[in-house]
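Here are my notes on the model you sent. Please read them with the structure open.

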Amino acid sequence: MRSPAPRALLAAASVAVAVAAADTYVVVLALTDMMRGVGVGIDALQRGTPIVSGFLLGYVAVLPLVGRVADVVDRRRVLLACLAVFVVGSVVTALAVELPVLVGGRVVQGAGGGGLVPATLALVADHWPAGRRGVPLGVVGAVQEVGSVLGPVLGAAVLVVADWRAIFWLTAVAGVLLAVAVVAAGGGGAPRPRPLPAVLGLLALGTGWLALAAPDALATSVTLGVPFVPFGGATSRVATPVGVVAVVLGLAATGAGLRGRLTALRRVDLLGAVLVGGALGCVVLTFAAADPEREVVGPLGYALLPVAVLLVVAYLAHHRHAVVPLVPRGLVRGRLVRALAVSLLSGVALVAVVVDVPLLARLVLTEDQAEAALVLVRFLVAVPVGALLGGWLLHRLAAGGVAAAGLALAAGGLAAMSTWGEGSLQQASSTVVLLATGLGVGLAVAPVNDAALEESDEDTHGTASALVVVARMVGMVVGLALLTAVGLHRYYGAVAALPDPTDTDALRAAAVVQVSSVFRGASVAAAVGAVVALTLGRGVRTADGDHRAGAAVGARG
């Protein structure tokens with residue numbers, strides 16, 4: 001599994017992670033154009049929510065499955081497969097002229113992008129020994145955060161010179177180029193292409209392009225247009241003869257690609273992956289589809305949450321009897337449990353800043369959404385810097401100490417934010433607070449991943465990495481909902497106490513109380529995360545300068 005060019009392979013995989021992260025938020029400024037492109041007016045803006053939440057659904061739901069696959073299949077093959085899925089999703093999104101197809105493309109994009117993260121982290125564990133993984137892990141964490149920061153900027157830059165579809169054509173091209181880079185970095189041991197799946201896949205893409213693009217020269221032709229006529233009065237371009245052929249070819253390509261690998265895939269526990277992925281999907285759709293300024297649970301949340309609980313119960317029962325469960329028995333223990341807790345709590349801290357700083361800026365600084373979002377840049381640029389610094393510090397300090405210091409810094413910054421009000425964002429001190437908070441959140445990234453990888457062995461690195469990412473994403477989605485619930489409770493209480501409920505300034509002050517409550521709750525989460533991080537263990541300097549988990553608090557097991 002080792003590559004003669006591990007740094008080149010890490011570079012290619014890290015850029016792929018950054019591109020996928022950028023794609024999460026690349027639609028922020030293009031959302032209204034995308035909705036118009038599929039026939040949805042801006043007066044029905046809520047119908048565009050699945051364009052964002054669909055990506056998150058695909059991203060999170062596949063993480064446990066891909067993490068486990070990365071443990072039983074060559075990591076590079078997993079990277080290439082994820083890039084292929086990402087490219088297909090990008091092409092479908094670029095060609096979509098109807099909302100269901102657009103959302104479906106975003107889900108597929110998310111599935112491919114999400115799978116890149118655990119496979120890349122597992123590659124780090126393959127090529128760098130314990131004690132020397134800090135910087136590579138910091139690089140992966142940093143590029144992921146950089147991608148998130150650059151996503152809206154890249155989307156806006158493309159929109160200046162082209163329409164929204166160009167964004168996804170560019171990401172598709174980027175995915176192809178990165179796949180070539182992964183193969184090249186693999187050296188002589190690179191995975192060999194299999195002709196039949198490749199040919200079927202290209203035919204599926206070509207036919208799919210015909211179905212979704214429906215070129216006028218063909219679709220309007222009396223003789224050549226028959227394959228483009230929908231079945232039974234349907235309106236979807238997928239429900240046409242050429243669309244059905246594309247789907248069949250895609251399934252055939254997938255089947256051909258899996259041929260000969262069924263023995264390895266039997267160790268993946270597909271049933272367990274469906275149960276866990278379904279539960280995570282229900283959680284994402286419950287909370288990510290909600291408007292954080294007005295509601296806690298999305299439109300379908302009260303129906304989806306019971307389904308999520310049933311799926312979790314079903315998985316736990318399945319886990320007890322499965323020959324090879326999705327999450328290997330004995331993996332989730334000791335330091336890994338504590339690493340997952342820290343990852344979850346850092347996700348709460350991160351999302352509170354990302355969502356509520358722009359909200360506060362719109363309340364006390366400007367009504368322009370773009371200008372309010374720019375306030376957040378001061379925080380976002382510091383997060384990847386913190387991730388790199390945290391990885392570098394692992395060569396000199398204990399993982400638990402680095403993560404704890406970072407989250408303590410973030411807790412202090414969030415506590416300061418909870419006191420902000422009118423005029424606060426115009427003071428120079430706000431920049432210092434935002435930079436310190438971003439630096440603190442970033443510092444915890446590499447130590448948490450390092451602790452998870454040290455607690456697992458080579459056969460479970462992918463699963464452990466996936467669980468860390470899942471914990472962070474769940475912390476972001478659920479944490480925001482819970483903090484918003486607290487904030488809304490205080491907001492409605494403040495409004496009820498107003499002598500004049502039509503007083504605009506008083507209502508704005510009540511909204512500031514809501515935001516302050518979110519910051520205060522996130523500060524508590526970061527502080528608890530700092531305390532838990534201290535239990536991740538001490539580093540012991542060896543003769544060659546490496547660090548190992550000590551026998552004190554946080555030793556293995």
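1. Helix 1 and helix 6 make a left-handed crossing; that is, the near helix is turned anticlockwise from the far one by less than a right angle, clockwise being right-handed. Helix 1 covers residues 6–25 and helix 6 covers residues 99–127. Their axes lie 9 Å apart, at an angle of about 150°. Helix 1 is therefore roughly antiparallel to helix 6 (angles over 145 degrees count as roughly antiparallel). Axes here are lines fitted to C-alpha atoms over the stretch in contact, and angles between N-to-C directions run from 0 to 180 degrees.

2. Please keep the basis in mind: this is a predicted model, in which local features need pLDDT of at least 70, side-chain atom pairs count only at pLDDT 80 or more, and totals for chains, interfaces and linings use all residues. Residues are numbered from 1 along each chain as its sequence is written, and side-chain values use heavy atoms, with hydrogens and water left out.

3. Which residues join helix 1 to helix 6? From helix 1 they include Leu9, Ala13, Val17 and Thr24. From helix 6 they include Arg106, Gly113, Leu116 and His127. Contact means heavy atoms within 4.5 Å. By class, this contact has eleven nonpolar, six polar and two charged residues. Ala, Val, Leu, Ile, Met, Phe, Trp, Tyr, Cys and Pro count as nonpolar, Asp, Glu, Lys and Arg as charged, and the others, Gly among them, as polar.

4. Helix 1 also packs on helix 8 (residues 164–185), with axes coming within 9 Å and crossing at roughly 165°. These two helices are therefore roughly antiparallel to each other. Their crossing is left-handed. The residues divide into eleven nonpolar, one polar and one charged.

5. Now the chain as a whole. The chain has 22 helices and two strands (DSSP runs numbered from the N terminus: H or I of at least four residues for helices, E of at least two for strands). Of its 557 residues, 53% count as buried, meaning under 20% relative accessible area with a 1.4 Å probe, protein chains only. Among contacts with a separation of 6 or more, 79% link residues 24 or more positions apart.

6. Arg472 deserves a look. Is Arg472 buried or exposed? Its relative accessible area is 14%, so Arg472 is buried. Arg472 sits in helix 21 (residues 461–496). Leaving aside neighbours within four places in sequence, its contacts are Glu145, Ser343, Leu344, Gly347, Leu350 and Val445.

7. Ser346 belongs to helix 15 (residues 334–364) and is buried at 8% relative accessibility. Ser346 is 129 residues from Gly475 in sequence, yet their C-alpha atoms are 7.4 Å apart. Ser53 is in helix 3 (residues 49–61) and is buried at 4%. Beyond its neighbours within four places in sequence, Ser53 touches Val284 and Ala288.

8. Check two loop residues for backbone geometry. Ala214 is not a glycine, yet has a positive phi of about 45°. Ala214 lies between helix 9 (195–213) and helix 10 (216–219) and is buried at 11%. Asp269 also has a positive phi, near 65°. Asp269 lies in the loop between helix 12 (262–265) and helix 13 (270–288), buried at 8%.

Conventions. Buried means under 20% relative accessible area, exposed over 50%, partly exposed in between (1.4 Å probe, protein chains only). Angles under 35 degrees count as roughly parallel, over 145 as roughly antiparallel, 65 to 115 as roughly perpendicular and the rest as oblique.
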